[in-house]
Amino acid sequence: ADETADSVPIIPVVDKSEYAPLRKEGSRDPELMSKSIFAYDTASGKTLLAKNADEVRPIASISKVMTALVFTGLNPDWSSSYTMKASDRVEGGRNYINSGEEVMLKDLLYTSLVASDNSATRALISASGLAYDEFIAAMNAKAEELGLSNTSLIEPSGISRYNVSTASEVAKLIQAAVANAIIRECLLKENYSYKTLGGASKNIRSTDLLLDDFNESPYSLLGGKTGYTILA
């Protein structure tokens with residue numbers, strides 16, 4: 001018998017991007033303790049969970065994600081190094097790199113994002129080749145490019161109460177960040193070690209405790225960033 005295409009079952013192609021995940025029948029509403037929450041399905045863009053998602057509030061060190069997006073967008077020479085200056089020093093949190101120490105640019109970026117080091121973040125601007133005000137303007141221009149109309153930043157590390165955004169816009173900022181390979185690498189590192197060009201060992205640990213929680217989880221974490229000030 002001649003088995004033609006008529007005998008082959010036709011499997012319909014379904015565009016699953018039109019469907020958000022379904023809530024399990026009988027599940028209870030979660031206790032939403034946080035003041036602002038936003039979760040959405042990136043494939044369809046549909047909202048899964050929201051509470052005060054468009055309320056503008058300080059975002060603290062989540063600001064560093066935007067700093068990293070702008071810095072990496074300048075296509076830095078990762079084989080080059082930077083010597084920390086006294087003017088890079090920013091108080092608040094732990095500073096891993098001392099004034100006068102020379103580090104590779106990649107290590108500077110990792111220190112900023114993994115350890116949430118304020119001074120390392122400030123040093124990224126010094127290493128970028130842009131003036132401070134130019135870099136901050138580029139951060140806000142990037143926010144506008146991403147459609148984050150309620151996001152405003154006045155400094156790179158998040159210590160200012162005037163670095164603000166919303167839960168829904170932070171979600172979109174993180175989505176843009178994890179699409180960047182080197183930033184995604186940083187946001188998934190529990191620990192990171194390197195040596196300065198002078199031979200000093202630096203061992204840093206991520207401030208993101210969720211990285212530990214997902215070690216034995218059936219789910220994979222794509223990346224994230226902590227941010228903490230009393231107001232945030």
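Two cavities of 30 Å³ or more turn up in a search of the whole structure. A cavity here is a set of points, on a 1 Å grid over the protein atoms alone, where a 1.4 Å probe fits but cannot get out. Grid points are joined across faces, edges and corners, and a volume is the space filled by probe spheres set on the points. This is a predicted model, in which local features need pLDDT of at least 70, side-chain atom pairs count only at pLDDT 80 or more, and totals for chains, interfaces and linings use all residues. Residues are numbered from 1 along each chain as its sequence is written, and side-chain values use heavy atoms, with hydrogens and water left out.

**Stop 1: the largest cavity**

Select Leu 113, Val 114, Cys 186, Leu 187, Lys 189, Ser 206, Thr 207, Asp 208, Leu 211, Gly 224, Lys 225 and Thr 226. These residues line the largest cavity, with an atom within 4 Å of a point. Its volume is about 60 Å³. Helix H2 (105-114) and helix H6 (181-187) each supply at least two residues of this lining. Helices (H or I, at least four residues) and strands (E, at least two) are DSSP runs, numbered from the N terminus. By class, the lining has five nonpolar, four polar and three charged residues. Ala, Val, Leu, Ile, Met, Phe, Trp, Tyr, Cys and Pro count as nonpolar, Asp, Glu, Lys and Arg as charged, and the others, Gly among them, as polar.

**Stop 2: the second largest cavity**

Now pick Glu 190, Arg 205, Ser 206, Asp 208, Leu 209, Leu 211 and Asp 212, which line the second largest cavity. About 30 Å³ of space lies there. Its lining divides into two nonpolar, one polar and four charged residues.

**Stop 3: helix H2**

Go back to H2. Nine of its ten residues are buried, meaning under 20% relative accessible area (1.4 Å probe, protein chains only). Among them are Leu 105, Asp 107, Tyr 110 and Val 114. Just after H2, look at Ser 116, which takes a positive phi of about 55°.

**Stop 4: Glu 91**

Select Glu 91, in the loop between strand E4 (81-83) and strand E5 (102-104). Glu 91 has 54% relative accessibility, so it counts as exposed; the cut-off is over 50%. Show its contacts (heavy atoms within 4.5 Å). Glu 91 touches Asn 118 and Ile 159, not counting residues up to four places away in sequence.

**Stop 5: the largest pocket**

A pocket is an open set of points with protein on both sides within 12 Å along at least five of seven lines. The largest pocket holds about 1300 Å³ of space. Of its 32 lining residues, Phe 38, Val 170, Ala 171, Ile 174 and Gly 223 are the closest to its centre. Strand E1 (37-40), strand E3 (57-58) and helix H5 (167-178) each supply at least two lining residues. H5 gives the most, with six. The lining has 18 nonpolar, eleven polar and three charged residues.

**Stop 6: H1 against H4**

Finish with helix H1 (residues 63-73) and helix H4 (residues 132-145), whose axes come within 9 Å and cross at roughly 100°. That makes H1 roughly perpendicular to H4, a label for angles of 65 to 115 degrees. Axes are lines fitted to C-alpha atoms, for helices over the stretch in contact, and angles run from 0 to 180 degrees between N-to-C directions. Select Ser 63, Met 66, Thr 67, Val 70 and Phe 71 in H1; they meet Phe 135, Ala 138, Met 139, Lys 142 and Ala 143 in H4.

Notes. Parallel < 35°, antiparallel > 145°, perpendicular 65-115°, else oblique.
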